[in-house]
Amino acid sequence: MSQMLQTAHDIITLAADDPVIPGFTPSLPGTLQNPTGKILGWTAGVGLSLAVLGGLTGWACVAIGHNSERAQLASRGKSAIVWSLIAGIGIGVTSGLVWGFYTMTQGK
């Protein structure tokens, strides 16, 4: 129990004093900001387009597999739909995180 109290005391002491980590503002050099933004934009756009295309293909496989009584094709289509949704969500979350961290480093 005393170890937990000592740890809590150390955390409170560190939080009350001046920050231990020195101030650091990472940022990209000005010459890299425009190309990096374009690369990230194109990557996100192409990735989302492919996710939508994969979802549409999955729905087509479900429709064809259901109507032609091919259970394997319908099953693959369903899994393609799920993975397309996961890919789209992943791209959106990653894009938001990159933009958020970039904005935080600008100090605005």
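Reply: Ser84 is found in helix H3; helices here are DSSP runs of H or I with at least four residues, and strands are E runs of at least two, numbered from the N terminus. This is a predicted model, where local features need pLDDT of at least 70, side-chain atom pairs count only at pLDDT 80 or more, and totals for chains, interfaces and linings use all residues. Residues are numbered from 1 along each chain as its sequence is written, and side-chain values use heavy atoms, with hydrogens and water left out.

Me: Is Ser84 buried or exposed?

Reply: Ser84 counts as buried because its relative accessibility is 13%; buried means under 20% relative accessible area, exposed over 50%, and partly exposed in between (1.4 Å probe, protein chains only).

Me: Which residues is Ser84 in contact with, leaving aside neighbours within four places in sequence?

Reply: They are Ala51, Gly54 and Gly55, where contact means heavy atoms within 4.5 Å.

Me: Now Phe101. Where does it lie?

Reply: Phe101 lies in helix H3, which covers residues 71–106. Phe101 counts as exposed because its relative accessibility is 53%.

Me: What share of contacts between residues at least 6 apart in sequence joins residues at least 24 apart?

Reply: That share is 48% in the protein chain.
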